[in-house]
Amino acid sequence: MKTMPFLNASAWIDAENEADPNSEIYQEITYPKELLYSDRMYERLMTFQPTASEEVQIAAKAQHICRWKIARESYPMDRVGYLKWREDLKKFHAKTTADILQKAGYEDAFIDRVSFLIEKKLLKKDEETQLLEDVICLVFLEFYLDPFVHKHDEEKLKNIILKTWNKMSDKGHQEALKIEYTPENLQLIKNALGL
């Protein structure tokens, strides 16, 4: 049974993401890009770990909240610029979510925990941060790997897959191998992992 603060916070997160000017077509329906991503994150979390805490559920939904407001192009187009952009995004997502959670009536400890998770602190050490990272990686592999395949050469793709794999837990790895990939992408993953 979902609490009223959770239902309100979820609806407000969705409303923010619905304002995304970027769209994505999935199964012939057009969605605001970050709303679709948020839905995918939440659904994957609930199938992967149905007992996930309310904090992780909110963090999953809000992982990319209003992401379009900080454009990649507003940072230098190099590795340093990319890392700075990613770091600033995490803080922005955490702050935007914290404001919503405050409005929904959550206590400071709950809000701090959600911010901690969105900022992906103590990856590999904190169980819930790891759970969230697994979900992020699974959603990437299922829905976003294929568009990457059409943009990059094989070496770069192998590198991306390897980095993704190394962020995941053993349970995440098992789940990743159950995803239905195209034969080409499955072969690419196997090549990258030396399977």
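The model is predicted, and where pLDDT is low, predicted coordinates should not be read in detail. To see the range among the elements, select helix H3, residues 54-61, which has the highest mean pLDDT at 98. Then select helix H9, residues 183-193, where the mean is the lowest, at 89.

Next, display helix H1 (residues 4-18) together with helix H2 (residues 33-48). Their axes come within 7 Å of each other and cross at roughly 145 degrees. Show the side chains at this contact. From H1, select Phe6, Asp14, Asn17 and Glu18; these meet Glu34, Leu35, Ser38, Asp39 and Tyr42 of H2.

Move on to helix H8, which spans residues 170-176, and pick out Glu175 within it. Is Glu175 buried or exposed? Its relative accessibility is 17%, and because buried means under 20%, Glu175 counts as buried. Now select Arg44, Phe48 and Leu138: Glu175 is in contact with these residues once its neighbours within four places in sequence are set aside.

Finish with the cysteines. Select Cys66, which is buried at 1% relative accessibility, and then Cys137, likewise buried, with a relative accessible area of 3%. How many disulfides does a search of the whole structure find? The search returns zero.

Key:
Residues are numbered from 1 along each chain as its sequence is written. This is a predicted model: local features need pLDDT of at least 70, side-chain atom pairs count only at pLDDT 80 or more; totals for chains, interfaces and linings use all residues. Side-chain values use heavy atoms; hydrogens and water are left out. A disulfide is a pair of cysteine sulfur atoms within 2.5 Å. Buried means under 20% relative accessible area, exposed over 50%, partly exposed in between (1.4 Å probe, protein chains only). pLDDT is the predictor's confidence in each residue, from 0 to 100. Helices (H or I, at least four residues) and strands (E, at least two) are DSSP runs, numbered from the N terminus. Axes are lines fitted to C-alpha atoms, for helices over the stretch in contact, and angles run from 0 to 180 degrees between N-to-C directions. Contact means heavy atoms within 4.5 Å.
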